[in-house]
Amino acid sequence: MNEYHLSAMCRGIALLADVRRDAGVTALMRLCCGAGDPAEQYADYWRALAAENRTDDATAYMREAILNAAFTVTDKTRAEFERELDVLYKLSRLTAADFAALKDIAADLPALSCGTARPFSADEILSERQRTGSGIFRKSCAFGWDGAQKRLIPLSTVDPIRLTDLKEYEEERAAVLDNTLCFLEGLPANNVLLYGDRGTGKSSTVKAVLNELKERGLKLIELNKREICDLPLIAQAIRGNLRFILFIDDLAFESRSDDYASLKAALEGSVSKSDNMLIYATTNRRHILKENHSDRLGDDLHAADTMEEQLSLSDRFGLTITFMAPTKPEFLSILSGILADRNVTVEPQKLAAMAERWALRKGGRSPRAARQLADILESRIKRGLSTEDL
């Protein structure tokens, strides 16, 4: 292809024009159009690929840029979409040797490879984009909310815990998983309140369900209670086909707080009602609003009604799942299961004695305490140290 042909191909991108937001694609198109210094544009292109570890597969880089671009395809524009995909595929196969201005010095420029990817499939691109989203939604399965800037922030690291890592509480976790599967499949599903003793794995359950279902398109947004007032803005930001769990950990309000009104409205569906959003919350309190003795006094003429409204917030979650502290046999089962996963062996009678002493030291039994003891045992045993004092 000559320079005019390459330039015309780039200038003819209309439906997928947003792909130019990608720095690497912009540099490549500027190179094709003869804009600026050719070697400098090629270097900019190579640096963009290197930043994504794609210098060995420029076509995969272009595919990702397409998936991140904003565009809409209708029946009337389908043919144009397929044409532009073909153009971008051809552009992604270019190397320095394909440009007249660089051909003689190609061997002295940073090397890149086009990879072995086949031409872009319109069906595959549209299907993947519907499942994973575009832009920031392709960067992560989990997000935080920047209350100051009023925007979603992709989380670069996500707790990798899986359901198989969690011991006991099978029925409770199965209920959360089943509800989430119904949600992903577009079936009726409920907002979920995970209630129970501290350290019983409530938040770990939510994160594990996310990891089980993220390949099916599930996303999670983690909020703190101070950001609940932004629920309408969040609902607006996530409109579309993707499915989101809004996760609020350790939920509790002060007795005189008005923040619960926003959450109550969202649970009742009056705040930007959306079929692609559910609220999952954890709490150590069955009644989410803290109630003091003074709240039963005061000068409210209808104090009973006021207290009933406050204490009924938890009832507005369609599904409440209780995680109670494990019994002695359950605590030992959790500890044994964790150690078995790590290939750590401890004589059963010694382990039972250590487990009981540890529970007394920690002030109670919980999966968290079991995992902490397992960490110490694994470290000591692998270092050849004694565990007798545990």
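Analyst: Lys 167 counts as buried, at 16% relative accessibility; buried means under 20% relative accessible area, exposed over 50% and partly exposed in between, with a 1.4 Å probe and protein chains only. Lys 167 is found in the loop between strand E2 (151–154) and helix H7 (170–184), where helices (H or I, at least four residues) and strands (E, at least two) are DSSP runs numbered from the N terminus. This is a predicted model, in which local features need pLDDT of at least 70 and side-chain atom pairs count only at pLDDT 80 or more, while totals for chains, interfaces and linings use all residues. Residues are numbered from 1 along each chain as its sequence is written, and side-chain values use heavy atoms, with hydrogens and water left out.

The side chain of Lys 167 makes a polar contact with the side chain of Asp 341, at 2.5 Å. A polar contact is a pair of N or O atoms within 3.5 Å; within protein, one must be able to donate a hydrogen and the other to accept it, and residues adjacent in sequence count only if both atoms are side-chain atoms. A polar atom of the Lys 167 side chain also lies 2.9 Å from the backbone oxygen of Thr 164. Beyond its neighbours within four places in sequence, Lys 167 is in contact (heavy atoms within 4.5 Å) with Arg 173, Ile 334, Gly 337, Ile 338 and Asp 341.

Arg 138 is buried, with a relative accessible area of 19%. Its side chain makes a polar contact with the side chain of Glu 128, at 3.4 Å. Not counting residues up to four places away in sequence, Arg 138 touches Glu 64, Leu 67, Asn 68, Glu 128, Thr 132 and Gly 133.

Helix H4 (58–68) also holds Ile 66, which counts as buried because its relative accessibility is 0%. Ile 66 contacts Val 19, Phe 71, Leu 85, Leu 88, Phe 120 and Ile 125, its neighbours within four places in sequence being left aside. Asp 22 is 44 residues from Ile 66 in sequence, yet their C-alpha atoms are 9.1 Å apart.

The packing of H4 on helix H5 (residues 78–92) involves Ile 66 as well: Ala 58, Thr 59, Met 62 and Ile 66 in H4 meet Leu 85, Leu 88, Tyr 89, Leu 91 and Ser 92 in H5. By class, this contact has seven nonpolar, two polar and no charged residues; Ala, Val, Leu, Ile, Met, Phe, Trp, Tyr, Cys and Pro count as nonpolar, Asp, Glu, Lys and Arg as charged, and the others, Gly among them, as polar. The axes of H4 and H5 come within 8 Å and cross at roughly 145°, axes being lines fitted to C-alpha atoms, for helices over the stretch in contact, with angles from 0 to 180 degrees between N-to-C directions. The crossing of H4 and H5 is right-handed; a crossing is left-handed if the near helix is turned anticlockwise from the far one by less than a right angle, and right-handed if clockwise.

H5 also packs on helix H1 (residues 3–11), with axes that come within 10 Å and cross at roughly 135°. H1 and H5 are therefore oblique to each other; angles under 35 degrees count as roughly parallel, over 145 as roughly antiparallel, 65 to 115 as roughly perpendicular and the rest as oblique. The crossing of H1 and H5 is left-handed. Leu 6, Met 9 and Cys 10 in H1 meet Val 87, Lys 90 and Leu 91 in H5, a contact with five nonpolar, no polar and one charged residues.

Helix H2 (residues 23–32) has seven of its ten residues buried, so it is largely enclosed by the rest of the structure. These buried residues are Gly 24, Val 25, Ala 27, Leu 28, Met 29, Leu 31 and Cys 32, and their cover includes H1, helix H3 (38–51), H4 and H5. At the N-terminal end, Asp 22 caps H2, with a side-chain oxygen 2.9 Å from the backbone nitrogen of Gly 24. After H2 comes Gly 34, whose phi is positive, near 75°.

Arg 20 lies in the loop between H1 and H2 and counts as partly exposed, at 30% relative accessibility. Leaving aside neighbours within four places in sequence, Arg 20 contacts Cys 10, Arg 11, Ile 13, Thr 26 and Met 29.
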